[in-house]
Amino acid sequence: MTITIIGGNGFLGRRLRARLAEEGSSADVLVVARRPLEADVRHAVADVRDVDALTAAVPRGAVVVNLAAEHRDDVAPERYGEVNVDGARNVCDAARRRGVRTIVFTSSVAVYDAAADTSESAPCQPEGHYGASKLAAEGVYRQWQAESADERTLVIVRPAPIFGQGGAGNVATLMDRIASPRFVLVGNGRNLKSLAYVDNVAAFLAFCLGLRQGVHIYNYVDKPDLTTAALVALVRRELDLPAGDPLRIPYPVALAAAALLDAVARSTGREFAVTAARVRRFCAATVYETSVRSTGFCAPVPLAEALRRTARAMVGRPG
């Protein structure tokens, strides 16, 4: 069997490859990437937006894991459709042509309204273009599975914001800011945040390769959820920053100041690191439920230890 990892040279993809190697998987692993990789990595070059190249890259009868996605928040909205939705259509077309019977797709908890029910059985109400594109992609994969429901397996994994050593994204940005001597905590810090450690997500994806025929949907969250204040305290402790609470700004004051900066940005074209949207996101409770425990999967790294490892890596300490 060949496990084909589309987007397998990204942050999560490299961890999944390492996990499969650690587990001693007997399957061949093929990475599909947009650019040539090192000679010692078995790979094929293809973009999810090119169905012919993608079809040529996928071996017949392979198990496909699609990690490729556009998730940056500074791109044009149509980019999400091109990569996430049209890319899903191309993956499914390639799967049909190559006799693929199993697809594992990494979606996102962005398909939910974080203020509502966020269990896997809850209605999906994405708030932005990214979440909407992930939900649309899920629909494409569901249609592919339904075409031959007795033979095909579809696993949809919706991770919470992913963090880890060498990562980027919102969590990495937050940890960088916590490390700054000028860090200011906005609000009371009591809002809970769901997070997902990259090595644990990779381990769960590897676990999902053994699931039986059908459709399986899981939110991936490393529990227990932490308050923002607890997250800040843990990271500051690992970075040997001064003990005690950092300077705090009340939420209404920070939001008003950010709204003023937004107005300046609109009139001048200048960009600011602080925006009203970022203040709201930082102070919001974003908690997601998960049924992963019902599968028997056990995350290899507890959340607190995962955060410690990530913080240590920021200052070059061994994990």
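# Helix packing and local backbone features

T286 is situated in the loop that joins α9 to α10. The model described here is predicted. T286 is buried, because its relative accessible area of 19% falls under the 20% limit. Beyond its neighbours within four places in sequence, T286 is in contact with A114, L192, K193 and S194.

**Helix α8**

- Helix α8 spans residues 251-268, a run of 18 residues. From its first C-alpha to its last, α8 reaches 25 Å, close to the 26 Å expected at 1.5 Å a residue.
- Within α8, the residues A254, A258 and D262 are buried. They cover an arc of only 80° around the axis, and therefore lie on the same side of α8.
- P252, L260, S267 and T268 are exposed on the other side of α8.
- The cover over the buried residues of α8 includes β8 (184-186), β12 (247-249) and α9.

- A276 belongs to helix α9, which comprises residues 276-283.
- With a relative accessible area of 4%, A276 is buried.
- Not counting residues up to four places away in sequence, A276 touches L255, A258, A259 and D262. Of these contacts, A258 and D262 are also among the buried residues of α8.
- A276 and L255 are separated by 21 residues in sequence, while their C-alpha atoms are 5.7 Å apart in space.

**Packing of α7 against α10**

- Helix α7 (residues 228-238) packs on helix α10 (residues 303-314) at an angle of about 45°, and their axes are 9 Å apart. The angle makes α7 oblique to α10.
- The crossing in which α7 passes α10 is right-handed.
- On the α7 side, the contact is made by L231, L234, V235 and E238. The residues of α10 that take part are A304, L307, R308, A311 and R312.

**Packing of α5 against α7**

- Helix α5 (residues 169-179) and α7 cross at roughly 60°, with their axes coming within 10 Å. This angle makes α5 oblique to α7.
- α5 passes α7 in a crossing that is right-handed.
- From α5, the residues L174, M175 and I178 meet L231, V232, V235 and R236 of α7.
- L231 and V235 of α7 take part in the contact with α10 and also meet residues of α5.

**Backbone features**

- Most peptide bonds are trans, and most residues other than glycine have a negative phi.
- The peptide bond from K223 to P224 is cis, its omega being near 0°. P224 is placed in strand β11, which covers residues 222-227.
- D240 has a phi near 60°, a positive value in a residue other than glycine.
- D240 is located in the loop between α7 and β12. D240 counts as exposed, because its relative accessibility of 56% is over the 50% limit.

Conventions
Residues are numbered from 1 along each chain as its sequence is written. This is a predicted model: local features need pLDDT of at least 70, side-chain atom pairs count only at pLDDT 80 or more; totals for chains, interfaces and linings use all residues. Side-chain values use heavy atoms; hydrogens and water are left out. Helices (H or I, at least four residues) and strands (E, at least two) are DSSP runs, numbered from the N terminus. Buried means under 20% relative accessible area, exposed over 50%, partly exposed in between (1.4 Å probe, protein chains only). Contact means heavy atoms within 4.5 Å. The expected span of a helix is 1.5 Å times one less than its number of residues. The arc is that of the directions from the helix axis to the C-beta atoms. Axes are lines fitted to C-alpha atoms, for helices over the stretch in contact, and angles run from 0 to 180 degrees between N-to-C directions. Angles under 35 degrees count as roughly parallel, over 145 as roughly antiparallel, 65 to 115 as roughly perpendicular and the rest as oblique. A crossing is left-handed if the near helix is turned anticlockwise from the far one by less than a right angle, and right-handed if clockwise.
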